[in-house]
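Biologist: I would like to go through the labels put on this model and hear what stands behind each one. Please set each value against its cut-off.

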Amino acid sequence: MATSLKQRLVAAVIDREGDYVNHKSDRGGPTRFGITQAVARENGHQGDMRYLPRTLAVRIYEARYWTSNRLDSIAPISATLAEYLFDFGVHSGPGRAAQELQRTLNVLNNRGKLFADLAVDGAVGPSTLNALADYRKLRGGAGVHVLAESINGVRIAFCRGLAERDPRQEDFAYGWFHRVVNLRQDVESDYGERLAVSLYSEIDTGGA
């Protein structure tokens, strides 16, 4: 079974987040597979979070964190950038991930000479995709690499800020940094591929 980048990302995050967790310092409250209770309720799960179906978690990750930010269109430009935006969205909200992409493109457009400034609205639409395509055409693959790694740098700084503002979040700070730094290795490794095959095979056979 060949797996897609989207499937590997979803499988990796579900494996990383684990089963049911209700950590006293987690502002999101109880989670299962990394899905918060608020997000589960928005998607129709009204029962105990211990019993959130894995299949629903997969659908939420695919729709809320991949499709909403048009990562099917971004991945062909840069798989790395799509990986970073997906996981940033999972951790901090897809709107924030999109805003950081827009903000970063805006400071890389040479004061509007390369492409027009974007509205920082957290919605990845034609304007954002066109700006990204123009940036790649003008800066090439090396430039896209710089953009992707800049987004990851912003994410690390954002996580550090959370812990600075609320010392309870220091419970998670090392894990956050480790996750950001090692994301590509986790997703693109043979282990990441095996996780995706196992998860989606289980779903296809109705076992999840």
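Biologist: Where does Asp26 lie?

Modeller: Asp26 lies in the loop between β1 and β2. Helices (H or I, at least four residues) and strands (E, at least two) are DSSP runs, numbered from the N terminus. This is a predicted model, in which local features need pLDDT of at least 70 and side-chain atom pairs count only at pLDDT 80 or more, while totals for chains, interfaces and linings use all residues. Residues are numbered from 1 along each chain as its sequence is written, and side-chain values use heavy atoms, with hydrogens and water left out.

Biologist: Why is Asp26 called partly exposed?

Modeller: Buried means under 20% relative accessible area, exposed means over 50%, and partly exposed is in between (1.4 Å probe, protein chains only). Asp26 has 30% relative accessibility, so Asp26 counts as partly exposed.

Biologist: Which residues is Asp26 in contact with, leaving aside its neighbours within four places in sequence?

Modeller: Asp26 is in contact with Thr31 and Phe172; contact means heavy atoms within 4.5 Å. As for Gln185, Asp26 is 159 residues from that residue in sequence and 26 Å from it in space, C-alpha to C-alpha.

Biologist: What makes Asp19 and Arg32 a salt bridge?

Modeller: The term needs a side-chain nitrogen of Lys or Arg within 4 Å of a carboxyl oxygen of Asp or Glu. For Asp19 and Arg32 the closest N and O atoms are 2.7 Å apart, so the pair meets the definition. This pair links distant parts of the chain: Asp19 is in the loop between α1 (5-17) and β1 (20-21), and Arg32 is in strand β2 (residues 31-32), 13 residues apart.

Biologist: Are Asp19 and Arg32 buried or partly exposed?

Modeller: Asp19 has 39% relative accessibility and therefore counts as partly exposed. Arg32, at 15%, counts as buried.

Biologist: How many salt bridges does a search of the whole structure find?

Modeller: The search finds 12. Among them is Glu100 with Arg103, whose closest N and O atoms are 3.3 Å apart. Glu100 and Arg103 both lie in helix α6 (residues 94-107), three residues apart, about one turn of the helix. Asp166 and Arg168 form another salt bridge, at 2.9 Å between the closest N and O atoms. Salt bridges that share partners also join Arg16, Glu17, Asp87, Arg155 and Arg179 into one network.

Biologist: Why is Glu100 called buried?

Modeller: Glu100 has a relative accessible area of 9%, so Glu100 is buried. Other buried residues in α6 include Pro94, Ala97, Leu101 and Leu105. The buried residues of α6 pack against α3 (54-66), α4 (71-74), α5 (79-92) and α7 (126-165).

Biologist: How do you know that the span of α6 is close to the expected one?

Modeller: The expected span is 1.5 Å times one less than the number of residues. α6 has 14 residues and reaches 20 Å from its first C-alpha to its last, close to the expected 20 Å.

Biologist: Why is the aromatic pair of Phe88 and Phe158 called tilted?

Modeller: Rings of Phe, Tyr and Trp (its six-membered ring) pair if their centres lie within 6.5 Å; planes under 30 degrees apart count as stacked, over 60 as edge-to-face and the rest as tilted. By this rule the count comes to four aromatic pairs. Phe88 and Phe158 are 6.4 Å apart centre to centre, with 50° between the planes, and form a tilted pair. The pair links distant parts of the chain, with Phe88 in helix α5 and Phe158 in helix α7, 70 residues apart. Both Phe88 and Phe158 are buried.

Biologist: What about Thr80 in helix α5: why is Thr80 called buried?

Modeller: Thr80 has a relative accessible area of 13%, so Thr80 is buried. Not counting residues up to four places away in sequence, Thr80 touches Ala148, Glu149 and Arg184.

Biologist: Why is Glu188 called partly exposed?

Modeller: Glu188 is found in helix α8 and has 41% relative accessibility, so Glu188 counts as partly exposed.
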